[in-house]
Amino acid sequence: MPPGAPFDLVLPGGMRVPLAEVVTLGRDPASTVVLVDPAVSRRHARIRVGEGLTVEDEGSSNGTFLDGSRVNGPVALRDGARLRIGDSELAVERRNGAAEAGRTILVPVGAPPGGEAGPRVRPGYALKRLEAAEGSRRWILKDLEEGGYMRLSDDDAQLFQLLDGTRSTTQLVAEAERLGSGGSAQLAQLLAGLGEHGFLDGVERSRPETASQPWYRRALEPHEKLFPGAGAAFDAAYREGGRLLFTPSALGALAVVAATGLAAFIYLVAGRYGTPFVVASKLGVGGLVFLIGRFAVVAVHELAHGLAMAHAGRRVDRAGVKLVLVFPYAFVDTSAAWFEPRRRRIAISAAGPVSDAVLGGLFSLACLVLGPGAIRDVCFQVAFGAYLGACFNLNPFLDRDGYHILVDVLREPNLRRRARARGPRTAALRRYSRLGVAWSCLAVVFVVAMTLRVRPTLETIAPEWLVWVAIVPVWLVALVPVAIAVRRR
């Protein structure tokens, strides 16, 4: 423990007591920390500050426990140490510097709401300060009930922590004005945002009115089936062997498979060694195999996200299956990654596309090894589905992995919403628009090249007019979004 480093003793209610020189704990009113607990002795324990921190029991009746072990004589304390004195549990925490990430402030659902003199935050939230490299809006606020998130600046976070209901609106405005001439406007904007996201007590969350939407929009709304205990299952899978995938040797091997497999897939397509949606010269069977293989690839994709979350020390809150129209696909909610540093968020977002590339490469290499036949056709469908999924997930115009990676790389949150809004374009928005259009154009080239390449093979098992009926809608699906995006930008 570094000499002179500032440390706090965190009491059960969250109050922090600075540890300086000697801190005494007990029921005695003369104690530095008075614990009103029948199981606590009048003079129970003592914490000394010198070259390091030490705790010592003062001859109490029930003893002092450090991280579950009884204290016998002076024992050194560390950052994160847990002390049990009577029925009270206390923690020792180092005070982080202004540029460092802070500890998560957690107010559980059902906690006392506070005063009633003015606006107050609804219990059931977590607030964490990220490191200074995250930019000006480095505070993450999470709704523990609904799972929503907001990003706050340092000033916003300072004002947020005043919203406990003990201050009137006039007092809050006076506090806000200390931040500068625009403090009252910043307070109003903060309150509006908190109310919209459901963080203010007594203000209903804004929800989309689905009943008034057209039937086709309601039909496109996904229906979820959650898997209870999914977070614990991911943690167990990580402990039982998933952690080995994150070792340098394993990551290197996966990179080799992805790179060589992509080259093999290009060779297969160029040499017409496989045809999308065709297995054993049957289009229907091939389509069914493609759908099953695609669902399996998605399941592995989401498993990769879950294992990456476990590797970062975060638990997955929600996971399950979504049904859009009649198409099911697995999903894992990785929103808790917002509490992690930027590099870890990028790694968690990239885990899914990396798994797509590895699976695509693995099955492409299998196609090269296998001779002609149905098994090689099946492997080609899975590889094709994996690469198609990678293109979809890396599209920066969609709320998928590629978008989240780009947001973190550019350090620009809410890119999609800001890109749609009217007004002057920043350099980041211009880069986002160009990258998005470029990626979409590459995807169109890939789709058109693939369809034209396999068209002669498809015409050997189906009438020419039917082949074109299948190809033209595929082209439209790929081209129309790009045309819209180019027109908007």
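**Two open sheets, strand by strand**

Strand 6 and strand 9 run antiparallel, joined by two bridges. Here, strands are DSSP runs (E, at least two residues; helices are H or I, at least four), numbered from the N terminus. Two strands pair if DSSP finds at least two bridges between them. In this pairing, valine 55 faces valine 75 of strand 9.

This is a predicted model: local features need pLDDT of at least 70, side-chain atom pairs count only at pLDDT 80 or more, and totals for chains, interfaces and linings use all residues. Residues are numbered from 1 along each chain as its sequence is written, and side-chain values use heavy atoms, with hydrogens and water left out.

Strand 3 (residues 22–26) pairs with strand 5 (residues 45–49) in the antiparallel sense, over four bridges. Valine 23 stands opposite isoleucine 47 there. Strand 5 also runs antiparallel to strand 6, with five bridges. The two form a hairpin with three residues between them. Arginine 48 sits opposite threonine 54 in strand 6.

A second open sheet has four strands, in the order 12-13-14-15, with antiparallel pairing. Strand 12 (105–107) and strand 15 (149–152) each have a single partner strand, so one side of each is left without a neighbour in the sheet. Strand 12 pairs with strand 13 (residues 125–129) over three bridges. Leucine 106 stands opposite alanine 126 in strand 13.
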